[in-house]
Amino acid sequence: MLFSPDHHEPLTGRRWGEASVRDRIELIAGDAEAAVGADGLWAEHPDDHDDDSALPRTLYMGAAGMVWGLHALGRDRPDLVGGLHAGYLCEPDWPGVSPGYWPGEAGILLVQQLVDPHGADLDALEAVIRANAGNESNEQMWGAPGTMFAALAMHRMDGDERWAAAWRDSADQLWQRWLPDEDVGERFWTQLLYGQTARYVGPGHGFAGNVLALWQGRELLAADQVAELEQRVPAIAAGLAVRADGLANWPPLVGDGLVHNDRIRTQWCHGAPGMVASLSGIAVDDDDLTDLLVAGGELVWQAGPLRHGQGLCHGTSGNGLALLALLERTGDERWLERARAFAVHALEQVERERAEHGAGRYSLWTGDIGAAVMAQSCIDARPGMPTLDWV
């Protein structure tokens with residue numbers, strides 16, 4: 001078996017209807033604006049508090065992510081970003097100030113630029129991107145791949161060469177660390193996270209996220225590097241896949257098998273959804289890679305929505321965006337229909353959680369606003385992971 005059935009649930013019987021989906025998106029956005037505190041922050045949800053740390057200001061689970069989500073839904077709130085960076089520096093969300101994209105300064109500074117360009121500190125953003133180029137984590141949450149997304153977003157917005165130079169600085173170091181690995185039989189990255197080394201496969205902390213960071217900025221790479229990506233990545237993805245009965249999944253870690261912490265992961269951060277979403281734009285003429293990614297998408301569809309939430313990172317919305325990615329790669333409309341079915345289910349999960357807890361879950365990557373953004377992507381038939389493939 002390639003997934004853990006007890007961590008999934010049957011798909012809702014409610015059908016897609018654009019008008020009702022738009023209404024529910026508006027309800028989520030309106031509630032988010034009403035729920036912001038006097039300090040410009042949102043209350044933490046019980047399901048997002050599994051240790052002694054909190055993430056009140058960051059892009060991943062804090063105010064910057066909420067403001068980004070509102071921005072993506074057409075509701076800019078420049079009044080909520082002015083003090084975020086200074087507040088983070090005084091009281092970091094995580095022990096020690098981090099330049100990183102999701103849990104650190106870069107994400108906050110990028111959101112300021114998106115919603116309040118006149119008040120943004122672009123010199124500070126460039127400084128943290130460059131400071132993160134040598135980060136030893138070799139993954140996108142803390143490391144250079146994450147801040148590469150910020151640099152690329154800025155380069156696409158204003159065309160300033162300084163962002164391209166900052167992106168290349170990180171890309172050069174990331175490329176040099178893509179080293180031969182006997183277990184993989186190809187080049188692979190090793191992560192240094194929380195004092196431990198590991199070789200992660202998916203986008204949350206590993207290979208797929210690093211590849212996406214490089215691929216998204218391929219116009220800034222040399223032609224031979226782009227060709228090398230298109231050759232290496234399909235071979236690595238195929239070599240690490242576990243396939244059976246027309247389905248495919250990937251382990252969280254090299255050499256550990258599919259079971260991780262007592263279950264098989266089938267979510268964006270670890271497993272088939274993240275691999276499909278991250279690699280779907282690469283080597284589009286490679287039929288073998290297309291077949292492999294479709295097999296991953298079939299696994300996501302057959303497994304069904306995730307029982308433990310609606311979020312992008314490890315919930316139903318992230319899995320639905322993997323299905324939407326296959327629409328762009330294959331042109332097959334059934335992937336849009338399937339993604340929309342997951343969107344409807346994720347919106348139901350939002351309602352279910354609110355009834356249980358009496359409040360919304362105010363977080364981009366784990367909560368309600370992420371589900372709303374995913375549902376809007378399904379209306380627009382727009383593939384891509386929020387804050388990574390598009391800002």
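Phe 207, Ala 208, Val 211 and Leu 212 of helix α8 meet Met 275, Ser 278 and Leu 279 of helix α10. Sort the residues of that contact by type and you get 6 nonpolar, 1 polar and no charged. Keep in mind that this is a predicted model.

**How α8 and α10 pack**

- Two packed helices are described by the angle between their axes and the distance between the axes.
- For α8 and α10, the axes come within 9 Å and cross at roughly 15 degrees.
- Angles under 35 degrees count as roughly parallel, so α8 is roughly parallel to α10.
- The crossing of α8 past α10 is left-handed.

**Helix α9 and its neighbours**

- Helix α9 covers residues 223–240, which makes 18 residues.
- From its first C-alpha to its last, α9 reaches 26 Å, close to the 26 Å expected at 1.5 Å a residue.
- Its buried residues are Gln 225, Val 226, Leu 229, Arg 232, Val 233, Pro 234, Ile 236, Ala 237 and Leu 240.
- An α-helix has 3.6 residues a turn, so residues three or four places apart point the same way.
- What covers the buried residues of α9? The cover includes helices α7 (161–176), α8 (207–216), α10 (272–279) and α11 (287–303), plus strands β2 (186–188) and β5 (242–244).

- Among the buried ones are Leu 289, Leu 292 and Leu 293, along with Gly 296, Gly 297 and Glu 298.
- The cover over the buried residues of α11 includes α9, α10, α12 (316–330) and α13 (334–357), together with β5 and β6 (247–249).

**A closer look at Ala 164**

- Ala 164 is found in helix α7, one of the elements that cover the buried residues of α9.
- Is Ala 164 buried or exposed? Buried means under 20% relative accessible area, and Ala 164 counts as buried because its relative accessibility is 0%.
- Leaving aside residues up to four places away in sequence, Ala 164 touches His 155 and Leu 220.
- Leu 152 is 12 residues from Ala 164 in sequence, and their C-alpha atoms are 6.9 Å apart in space.

Notes:
Residues numbered from 1 in each chain as written. Predicted model: local features only at pLDDT ≥ 70, side-chain atom pairs only at ≥ 80, totals over all residues. Heavy atoms only, no water. Helix = DSSP H or I, 4+ residues; strand = E, 2+ residues; numbered from the N terminus. Expected span 1.5 Å × (residues − 1). Buried < 20%, exposed > 50% of the residue type's maximum accessible area, 1.4 Å probe, protein only. Contact = heavy atoms within 4.5 Å. Axes fitted to C-alpha atoms, helices over the stretch in contact; angles between N-to-C directions. Parallel < 35°, antiparallel > 145°, perpendicular 65-115°, else oblique. Left-handed = near helix turned anticlockwise from the far one by under 90°. Nonpolar A, V, L, I, M, F, W, Y, C, P; charged D, E, K, R; others polar.
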